[in-house]
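My entries follow in the order in which I looked.

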Amino acid sequence: MSPRRSPRGRRLVALVAVAAGAFGLVAASQVGHPFHPSLPPAPPASAGPTLAPADAIASTWFCAEGTSIANGRADETVIVANLAPHTVTATMTVMAASKTVTRRISVAAFGQRRVPVSTLVSAAEPGVVVEVPGSGGLVEHELSRGSQDTIGPCARQAATDWYFSGGDTGVGAEDWLALFNPFGDDAIVDVTFLTTTGVESPGSAQAVEVPRRSRVSLALHLIVPDHDALAFHVHARIGRLVAEQSIATDGTSGPVGLTTMLGVASPATSWRVPALDAQSGTAATLAIANFANAGTKATLGYTLDQNATLPANHL
């Protein structure tokens with residue numbers, strides 16, 4: 001399923017690629033501010049979650065961003081796809097503050113169901129969990145704001161750390177970070193930002209409480225304004241969670257658009273980004289953030305459809 005976005009949204013589609021060492025934003029060591037994120041070794045990563053193994057009994061998906069109230073910033077519709085040759089019944093649970101609502105959803109063989117979250121509960125901060133029996137489930141969600149909409153994947157796991165490389169709090173942009181805690185214990189979260197001028201850890205983004213079975217959103221455009229190149233690390237000092245951001249642009253410094261990006265749970269030295277658009281009249285930018293304390297170099301390779309070529313001024 002391909003997201004429908006404005007040109008600016010297309011520019012941001014690849015910005016989930018985070019490298020353990022690369023260029024683009026300053027490394028922490030360059031500004032005299034030690035920064036020690038978790039950097040476990042990892043195999044080449046893809047920019048998005050993968051399907052459950054073929055022998056899986058079920059798969060669980062977590063959708064963090066979105067709203068289900070009138071005039072919300074990102075009206076959410078959950079999309080459940082069934083890749084199995086038989087009908088399955090998925091369970092969709094919406095957690096919002098002290099309210100939890102569950103609905104069972106039948107999805108036909110090789111079919112799809114779209115469920116507006118507002119049909120289950122009206123909430124400014126809903127978090128959604130979808131459980132699909134077997135290995136053939138795939139869950140995404142569509143966010144809408146005015147005439148703009150975007151589609152992004154939901155997560156297949158919670159984690160203590162989440163990394164983002166494509167933030168934008170520049171003029172005319174709203175950057176929201178949704179923190180979803182679907183578990184029975186509270187989480188405490190710190191967010192550290194990498195900017196083109198250094199590392200920032202504002203107090204309003206430290207020791208953020210995310211209560212059990214609920215979601216909290218941070219308005220990054222108010223916490224770290226005026227950065228059109230922004231990366232950040234979400235770390236749960238207590239508990240686990242799912243983190244996702246959405247960016248809305250109003251046209252002040254570019255096209256009007258809406259996009260959503262799921263964070264990645266660990267940096268890596270190699271990334272595969274499967275969807276970019278280099279056709280005439282479009283632009284694609286890959287944001288690479290260095291969360292390590294030493295600078296390095298990155299090598300970029302690409303594969304084009306059929307016999308297409310990429311003009312030199314595109315790279």
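**Aromatic rings and charges over them**

I began with the charges: in this predicted model, the charged end of Arg73 sits over the ring of Trp176, at 4.4 Å from the ring centre.

I then found Arg240 lying over the face of Phe183, where the distance to the ring centre is 4.1 Å.

Next I turned to ring against ring, and noted that the structure holds 4 aromatic pairs. One of them joins Phe62 and Phe183, with 6.5 Å centre to centre and 55° between the planes, and this pair is tilted. I looked up where the two partners lie: Phe62 belongs to strand E2 (residues 58–63), whereas Phe183 is in the loop between strand E11 (173–181) and strand E12 (187–195), so that the pair links distant parts of the chain, 121 residues apart.

I also checked accessibility for these two residues. Phe62 counts as buried because its relative accessibility is 9%, under the cut-off of 20%, while Phe183, with a relative accessible area of 25%, is partly exposed.

I noted both Phe164 and Phe232 as buried.

My last entry is that Phe164 and Phe232 form one aromatic cluster together with Phe193.

Terms used: Residues numbered from 1 in each chain as written. Predicted model: local features only at pLDDT ≥ 70, side-chain atom pairs only at ≥ 80, totals over all residues. Heavy atoms only, no water. Phe/Tyr/Trp six-rings, centres within 6.5 Å; stacked < 30°, edge-to-face > 60°. Helix = DSSP H or I, 4+ residues; strand = E, 2+ residues; numbered from the N terminus. Buried < 20%, exposed > 50% of the residue type's maximum accessible area, 1.4 Å probe, protein only. Lys NZ or Arg CZ within 6 Å of the ring centre and 35° of its normal.
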